[in-house]
Amino acid sequence: ITMQKLGSLIGRQAHVTPLEVRQTFETLMDEFTVEYALVNAADVEKDVAVTEADARMLYEDDPAAFTIPAQREVSYVAFPVAEFLDNQTEISEEEILDYYELHIEEYTTQETGTNGQPREVVAELDEVKDGIVQALRRAAALDKADAAATDLAFKAIPDRDGTVPDFAAEAEKAGRKAEKLAPFARFAVPLPDAGAAFAAAAFELEPDAFDRVSAPLAGQDHVYVIYLEREIEPRVPAFDEAKEQVLAAARRKAVAEALAAKGAAVKEAAAAGLAAGRSFPEAVAAAGVQAAATEPFTGLSGSSSSNEVVQALVQAVVGFNQGEVADPVPFADGILVPYLKSRQAAAPATFDAYQGEIASVVRNRRAQGLFREWQDGLLAPDRFTDLQRTTAADAEPEEDVEGLTDEQKEAAAAAQEAM
């Protein structure tokens, strides 16, 4: 409550001018008609050539950018759930009913009633009974697979006398084979069936005897036990080792630069053509691209539009005047070069309806900013003194006792105790 009161007190210092309200209103409510040219990466890729020298230069500028992250090398044993599935397992009516009631949302759909209103329809138990039986049998199989995996995980940790079992040997005793994976990073997906959880579990393991075996991990169709073989620390590879990665990065960089240059050239051609009296489509055609147009939109409607082109354009054109070519903006794997063909002012009568709300929103946003700045200022490091840090000037110098007689040393020690 105290913080809210402080925020309110500081927020009172936030002022909004009539000009700011007017400008915000125009940004939100003016109607924009935009023509644009789309330049795709594919339009410039064919002209981009990257040499090994380019890649080496990029690598030498920042070798750490190509650091190979920490990795784990593991072995694993998989327990297929299908092996434990028994299609003859009896499922009681009570179990079926419990499952149906617990998962009732899965059997509920929406449809339009005869009165035109939406209504929920719940499937009858008899209609979904067979599916429930299969789900319960699979759940039972998953439990059995998990139990078998737990047994292996338990046998793979040291016993009471400290003997460390061999993971592969224990897997073989259980009738399974331990498979070794190539090293992988934290956010890799080495086994699609297990998903991202596999790498997450592997990185939680430790290279000691007790913590290098995972608990059972359920995937889509298997249950896994993971064994940590070794940890691999991050390292910066030599250029030759990272050559393919660096070449790919150098090419992406070159394509991005070519795309930016093409966008600038299209903007320049459009501005020159419009100044010469040509239309925007005619002007950009000279630069080798085609023009398209959007339906009219306002800043308010454009920001919530389902049209991705409009969403990108609304941010680009609201600060421009009619007849201007805006700066190129990124879009998908290319860029858009917008031309504001028309900007129609909002009806003056609507300003009064929005004025109060706009002023309130702008004022609240500014007040929040002021409050954050005040908090940051209070916590600025230069406002605090570290009382635990002793400077050389504060520290008492040690007396030089070299060269003193035993009697002098005893007298000095006695004087120190008396202080």
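1. Strands here are DSSP runs of E with at least two residues, and they are numbered from the N terminus. Phe 32 lies in strand 1, which spans residues 31-40. Because buried means under 20% relative accessible area, Phe 32, at 0%, is buried. The C-alpha atom of Phe 32 is separated by 8.1 Å from that of Val 317, although the two residues are 285 residues apart along the chain. The model is predicted, and the points below should be read with that in mind.

2. Arg 366 belongs to helix 13 and counts as partly exposed, with 32% relative accessibility. Gly 319 sits in the loop between helix 12 and strand 11, where it is exposed at a relative accessible area of 68%.

3. Which residues line the largest pocket? The lining is made by Thr 24, Leu 28, Met 29, Leu 300, Tyr 354, Glu 357, Ile 358, Val 361, Val 362 and Arg 365. Two elements give two or more residues each to this lining, namely helix 2 (18-29) and helix 13 (351-378). The largest share, six residues, is from helix 13. The volume of the largest pocket is about 240 Å³. Sorted by class, its lining consists of seven nonpolar residues, one polar residue and two charged residues.

4. Trp 374, Leu 378, Leu 379 and Phe 384 make a nonpolar surface patch of about 410 Å². One of these residues, Leu 379, is in the loop between helix 13 and helix 14 (406-418). What is the relative accessible area of Leu 379? The value is 63%, so Leu 379 is exposed, the cut-off for that class being over 50%.

5. Side chains of opposite charge can pair when their charged atoms come close. The structure holds 15 salt bridges. Among them is the one between Glu 83 and Arg 176, with the closest N and O atoms 3.0 Å apart. Glu 83 is in the loop between strand 2 (71-80) and helix 5 (93-102), and Arg 176 is in the loop between helix 7 (167-173) and strand 5 (179-180), so this pair ties together parts that are 93 residues apart in sequence. The two partners fall into separate accessibility classes: Glu 83 is exposed at 53%, whereas Arg 176 is buried at 19%.

6. A salt bridge also joins the side chains of Lys 129 and Glu 93, at 2.8 Å from N to O. Lys 129 is in helix 6 (residues 125-155) and Glu 93 is in helix 5; the pair links distant parts of the chain, 36 residues apart. Lys 129 counts as partly exposed, with 26% relative accessibility. Glu 93 is also partly exposed, with a value of 49%.

7. Where do the partners Lys 267 and Asp 327 lie? Lys 267 is in helix 9 (residues 239-275) and Asp 327 is in the loop between helix 12 (308-317) and strand 11 (329-331), so the pair ties together parts that are 60 residues apart in sequence. The closest N and O atoms of this salt bridge are 2.5 Å apart. Lys 267 is partly exposed, at a relative accessible area of 25%. Asp 327 is partly exposed too, at 42%.

8. Salt bridges can be linked as well as paired in this model: Glu 52, Arg 56 and Lys 243 form such a network.

9. Ala 332 has a phi near 50°, a positive value in a residue other than glycine. Most residues other than glycine have a negative phi. Ala 332 is in the loop between strand 11 and strand 12 (334-344). Is Ala 332 buried or exposed? With a relative accessible area of 75%, Ala 332 is exposed.

How values were computed: Residues numbered from 1 in each chain as written. Predicted model: local features only at pLDDT ≥ 70, side-chain atom pairs only at ≥ 80, totals over all residues. Heavy atoms only, no water. 1 Å grid on protein atoms, 1.4 Å probe; cavity = no way out; pocket = protein on both sides within 12 Å on 5 of 7 lines; lining within 4 Å. Points joined across faces, edges and corners; volume = space filled by probe spheres on them. Helix = DSSP H or I, 4+ residues; strand = E, 2+ residues; numbered from the N terminus. Nonpolar A, V, L, I, M, F, W, Y, C, P; charged D, E, K, R; others polar. Patch = residues over 30% accessible without salt bridge, like charges linked within 9 Å, V, L, I, M, F, W, Y side chains within 5 Å. Areas by Shrake-Rupley, 256 points an atom, 1.4 Å probe, with all protein chains shown as cover. Salt bridge = Lys/Arg side-chain N within 4 Å of Asp/Glu carboxyl O. Buried < 20%, exposed > 50% of the residue type's maximum accessible area, 1.4 Å probe, protein only.
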